[in-house]
Amino acid sequence: MATKTIFEKSVKNRKGYTLPKCKIDNEVKKIFPANLLRSDAPRIPEVSELDTVRHYIELSDKNHFIEKGFYPLGSCTMKYNPKINDIVNVLTGFTDIHPMQPEDTIQGALQVMYELQQDLAEISGMRALSLQPVAGAHGEFTGVNIIYNYHKNKGRHRTKIIMPDSSHGTNPATSALHGMEVIEIKSNDDGKVDIKAVEEVLSDDIAGFMLTNPNTLGVFETDVQEIAELIHSVDGLMYMDGANLNAMLGYLRPGNMGFDIVHFNLHKTFSTPHGGGGPGAGGIGVSEKLVEYLPIPVVRKKEYVYYLDYDVKHSIGKVHSYFGNFLVMLRAYIYLKMLGDIGLKRVAENAVINSNYLMAKLRSEYPVPYQKNIMHEFVACGEKFKEYGVRTLDIAKRLLDYGFHAPTIYFPLIVHEALMIEPTETESKETLDNFAQVMLKIAKEAKDNSQLLKDAPQNTPVTRLDETNAIKNLNIKYNFEA
Amino acid sequence: MPFISNTDEQRTLMLKEIGVASFKDLLKGIPSELFIRNPLTLDEPLSEFEITKKVQALASQNINTSGVVSFLGAGIYDHFIPAAVSYVIGRPEFYSAYTPYQAEVSQGTLQFIYEYQTLICELTGMDASNASMYDGATACAESLLLALRHNKNKKIIISSLIHPHYKQVIETYIKPLNPEIVYIPQNNGRIDLEKLQSEMSDGVSAVLIPSPNFLGVIEDLESLEPIIHENKKALFIVATDPLSLLLFNPPGKYNVDIVVGEGQVLGSKQNLGGPLFGFFAVNQKLIRKMPGRIVGATVDTNGQKGYVLTLQTREQHIRRDKATSNICTNESLCALAATVYMVLMGKQGLREVAEQSTIKAHYLNDKICRIEGFEASNTSPFFKEFAIKTSIPPSEIISKLKHKGYFAGVDISKYGYEDQLLIAVTEKRTKHELEAFVYELEKLMEEV
């Protein structure tokens, strides 16, 4: 059943709030000139607290979420979110503090940030960190901005940035925001960066190289050191998109591979929930030569006191109003303190084993074009189902009928009819077995009764939605006049 | 090991099925010199009980604004938030879901975003809203990037009364595209209209006006509009506090092209300044130029109403280097908090919040200006925040009153507003608190 919008539930003069009395005798119209004052009130609904809660609980019931079931979205690292974080995240000592408070009144919060910086620096092998970016793409923005300013500061205008054709869309989009031309190089037969292709495009114009490692095919870039040497030979900078850091924890570090900048997705690797699309946190780590480019302020410690340092020589400035998403950092902090070195290693191990296990279970029906050095995720190809008139989209929608979220589909672009599957370390063998069983069943359905897939989903709050109609008859807000 | 389900026995079984003897075999081919040789230098793992104790201790080291009387603002405000807001955003159905890529199992998220977009349009008087940005500062920056892309002009004009942090973020964002950036000085707390007029020329891409501005003053949008739009290509952008729109004419009424701002006042706590969220609304002609996600209504195969992410060809995952922005993850859960907050407070409650804040702010301003040694920094109309010129350094006032249980305001001397203290008042401050604060200020000045 469709749920009416909250606007259709409004009843004139119904209230859902209480406020203290003002107790000061004055009126707005006595304070301000009439021409400034709003005459037509915005059409905000008038509902009770019960109306409100019921409405949003009814909506919540229509979502798939990690507590409900498996969420194998490739590149998104949908792992379980520990409940302890929900308890701590509402402590007033963390939620009711203002960023302009005197530093001696926020020492506990600054300590969280400082220690998280230290721990992430250790995990990544980077020299220093900024936690200011609030999303992966925001971290990328900060990183590419540092690349831009690094070259500018050296008095040169570098206009080109290299990345493989398997890169996330945010990589070229971020580069374009800096007026840089994207040089996309083809991946080789193993799904890795082709060193020869890098050599061919190498020039004094190259600002840097953006690489995801393991890459979006789930493949570890074994030639990363050679790539770094090439890029560094023209004083370009190596950027690592850290979306897939989960696979490396405790075993491998971007800092040891020649990367100069890496962004962290705290909302992926470090267990903080995705919030239906955010907030996340996308702090960055940098190598020695870029420490003086970090955004201001940087959290530092002097003896026993934590403080905000605004004196950063070549700082790119600010990328956020204040210090970034503090509450998200707090969750990652707790997670890290509970895991330590041994816990992080177990994360990487189980993420990689789960992914390889699932691949082994599925590849008979879902061919995986790139299987060498598969880490935490793999990309299957659904092309063979085309002969039954079935597309990857249909497979994805059919999965919803079985209570699973679908994998990431049609990405990366270099695999046709791609299904990008990332189980994460928190899922059990039983869940993976169930998922594999359903996937194999769907493969059979595709051959025997493809209509089942084309009509999917049926067991969901709505059946397949018409996206073309949504664009053609654009309706992006409630029509009060209708 | 916490949060991992598989047992050692299961791992052995799984490795066997994969066809390898050990986990290390799965890493074959990765150069050995890349591996970390020693354990990472991290603390010994803590149990849930131990970490809880540790973070509770850290929380108690912070002085929180519920234990003092706070007049801190500068973009982040201490407004009341009903319990039902925290309840709804605390539901795992919302907070542990991913971006609604599979619409059929994400109708909860998609419908609230549709409602959110509607509410933002109602407040701002604009035609369309996206699903949220990172914060007010980046929303401002992205609005200018939109303008630079839209009309290809190179001159950006910004009121000097913009939040100084927003100014820094904007410069970081747009400087790589080499625009000419001009800041228009103030005249009695408002942008200097004559100076603005003199800077308007054919090459202007956009004019960004904060209202309320950094000093809390409401700008005269009615007078600004013809000056800016005299140049047909220039976009008129307003950055605003959404609560102010309950009292003052919405920017949409004055032909504004883009309205952006910080949404924290709508149901998010102060959170040391994050998470926050930015809102972004445009007029009809700019819808397809907007950054970020947009939700649209449609129908399913049975003709039943449903919601999907729409106009996605603007976005990075499809358009890559031609996208309108690189934004992917946004601040969706804060937009949910804003939606539930607006709905709960409703038409009357929201207005009451805005009225009480402004009435209390004016009451306090009057009282403070009567104290010898304090005077108003300007005489223009302000919303819930105002700047006071002080005869002793604001830092001294802040430090002395901190010991009396007050966060007296923000010292804006460091931003070029010499000897000025920025004071914000929300509906949460009581008349008694305001009077007690005035008493402390009087005493302080007598001691000087």
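Biologist: Which domains is chain A divided into?
Modeller: Chain A has domain 1 (6-58), domain 2 (86-339) and domain 3 (343-468). Those bounds come from an automatic or database domain assignment. Before we go on, this is a predicted model: local features need pLDDT of at least 70, side-chain atom pairs count only at pLDDT 80 or more, and totals for chains, interfaces and linings use all residues. Residues are numbered from 1 along each chain as its sequence is written, while chains are lettered from A and ligands numbered from 1 in the order in which they are written.

Biologist: OK. How far apart are domain 1 and domain 3 of chain A?
Modeller: Their C-alpha centres lie 47 Å apart.

Biologist: And how many helices and strands does chain A have?
Modeller: Chain A has 14 helices and twelve strands. Both are DSSP runs numbered from the N terminus: helices are H or I with at least four residues, strands are E with at least two.

Biologist: Why call chain A as compact as a globular protein of that length?
Modeller: Its radius of gyration is 25 Å, close to the 23 Å that the globule rule gives for 482 residues, so chain A is as compact as a globular protein of that length. The radius is taken over C-alpha atoms, and the rule is 2.2 Å times the number of residues to the power 0.38. Along the principal axes, the C-alpha atoms of chain A fill a box of roughly 75 × 65 × 45 Å.

Biologist: What share of chain A is buried?
Modeller: Of its 482 residues, 59% count as buried. Buried means that 20 or more other C-beta atoms lie within 10 Å of the residue's own; exposed means 12 or fewer, partly exposed is in between, and the C-beta atoms are placed from the backbone.

Biologist: What holds paired strands together in general?
Modeller: Strands of a sheet pair through backbone hydrogen bonds, either parallel or antiparallel.

Biologist: Switching topic: how many residues of chain A are in contact with chain B?
Modeller: 169 residues of chain A are in contact with 168 residues of chain B. A contact means that C-beta atoms, placed from the backbone, lie within 7 Å.

Biologist: Which element gives the largest share of chain A's side?
Modeller: Helix 10 (residues 326-362) of chain A does, with 19 residues. By class, that side of chain A has 85 nonpolar, 55 polar and 29 charged residues. Ala, Val, Leu, Ile, Met, Phe, Trp, Tyr, Cys and Pro count as nonpolar, Asp, Glu, Lys and Arg as charged, and the others, Gly among them, as polar.

Biologist: Now chain B. What are its domains?
Modeller: Chain B has domain 1 (69-80 + 346-447) and domain 2 (83-340). Their centres, taken over C-alpha atoms, are 28 Å apart. The contact takes 24 residues from domain 1 of chain B and 21 residues from domain 2 of chain B.

Biologist: Which element gives the most to domain 1's side of that contact?
Modeller: Helix 12 of chain B, with six residues.

Biologist: Where does helix 12 of chain B lie?
Modeller: Helix 12 (residues 332-369) lies across strand 13, strand 14 and strand 17 (420-424) of chain B, at about 135° to strand 13. For that angle, axes are lines fitted to C-alpha atoms, for helices over the stretch in contact, and angles run from 0 to 180 degrees between N-to-C directions.

Biologist: What's the strand order in the sheet of four strands in chain B?
Modeller: The order is 13-14-17-16, in an open sheet with antiparallel pairing. Strand 13 (374-376) and strand 16 (410-411) of chain B each have a single partner strand, so one side of each is left without a neighbour in the sheet.

Definitions and conventions. Two residues are in contact if their C-beta atoms, placed from the backbone, lie within 7 Å. Two strands pair if DSSP finds at least two bridges between them.
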